[in-house]
Amino acid sequence: MTILTVFNAVSAIVSGTALLVTGGLGMPLAFLAGSVFASFTWPAVILVAVVGGTQALATVLLLRRKEAALLWAAVAGFGMLIWIFVEISLIHESSWLQVIYFSTGSAQVALVLALLGIVEWLPRRPLHANPTSKTAPVSQAG
């Protein structure tokens with residue numbers, strides 16, 4: 001999961017920065033015709049700050065094994081999916097990159113669901129192990 005969030009964060013931040021610096025990576029402004037955007041500036045800012053930012057936050061939380069990590073990984077995965085849907089609907093063009101990022105966003109959401117226990121056969125470790133406990137807890141039959 002962490003590798004996926006790192007990939008998505010770096011891709012969004014680098015792509016958004018390149019989009020901002022180049023004024024659209026060579027894409028014609030006609031791609032934005034009929035949208036609320038007059039240039040690629042705001043889409044670039046959204047890509048860096050929102051998509052890249054949530055992915056980066058999810059990465060940091062996963063690396064630190066924080067309880068909120070799965071929540072933010074899900075937010076970031078859904079954010080990636082929303083970005084791709086909106087991008088396709090705005091520019092009316094498609095690219096193999098959209099397939100990749102739709103796939104990574106979908107995989108991220110699926111992994112979150114699996115790690116939350118939706119997929120029962122997937123082994124899970126608790127985020128915080130109890131260092132004083134040497135044995136598994138004993139269940140009491142009632």
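User: What does the accessible surface of the protein come to, and what share belongs to carbon and sulfur atoms?
Analyst: The accessible surface is about 9200 Å², and 71% of that belongs to carbon and sulfur atoms; areas come from the Shrake-Rupley method with a 1.4 Å probe, and for residues only the protein chains shown count as cover. Please keep in mind that this is a predicted model, in which local features need pLDDT of at least 70 and side-chain atom pairs count only at pLDDT 80 or more, while totals for chains, interfaces and linings use all residues. Residues are numbered from 1 along each chain as its sequence is written, and side-chain values use heavy atoms, with hydrogens and water left out.

User: OK, how many helices and strands are there?
Analyst: The protein has 4 helices and 0 strands, where helices (H or I, at least four residues) and strands (E, at least two) are DSSP runs numbered from the N terminus.

User: And which residues make up the largest nonpolar core?
Analyst: That core has 7 residues, namely Ala12, Leu47, Val51, Met80, Trp83, Ile84 and Tyr101; a nonpolar core is a set of buried Ala, Val, Leu, Ile, Met, Phe, Trp, Tyr and Cys residues joined through side-chain atoms within 4.5 Å. Buried means under 20% relative accessible area, exposed over 50%, and partly exposed in between, with a 1.4 Å probe and protein chains only.

User: Which helix gives the most to it?
Analyst: H3 does, with 3 residues, although helix H2 (41–63) and helix H3 (69–91) each supply at least two.

User: What does Trp83 touch beyond its sequence neighbours?
Analyst: Leaving aside neighbours within four places in sequence, Trp83 is in contact (heavy atoms within 4.5 Å) with Pro43, Ile46, Leu47 and Val51.

User: Switching topic, how many aromatic pairs are there in the whole structure?
Analyst: The search finds 2, counting rings of Phe, Tyr and Trp (its six-membered ring) whose centres lie within 6.5 Å, with planes under 30 degrees apart taken as stacked, over 60 as edge-to-face and the rest as tilted.

User: Why is the pair of Phe7 and Tyr101 called stacked?
Analyst: The ring centres of Phe7 and Tyr101 are 6.0 Å apart and the planes stand at 25°, so the pair is stacked. Because Phe7 lies in helix H1 (residues 2–22) and Tyr101 in helix H4 (residues 96–115), the pair ties together parts that are 94 residues apart in sequence.

User: Is Tyr101 buried or exposed?
Analyst: Tyr101 counts as buried at 16% relative accessibility, whereas Phe7 is partly exposed at 37%.

User: And what about Phe85 and Phe102?
Analyst: Their ring centres are 5.7 Å apart with planes at 75°, so the pair is edge-to-face. Phe85 is exposed at 53%, while Phe102 is partly exposed at 33%.
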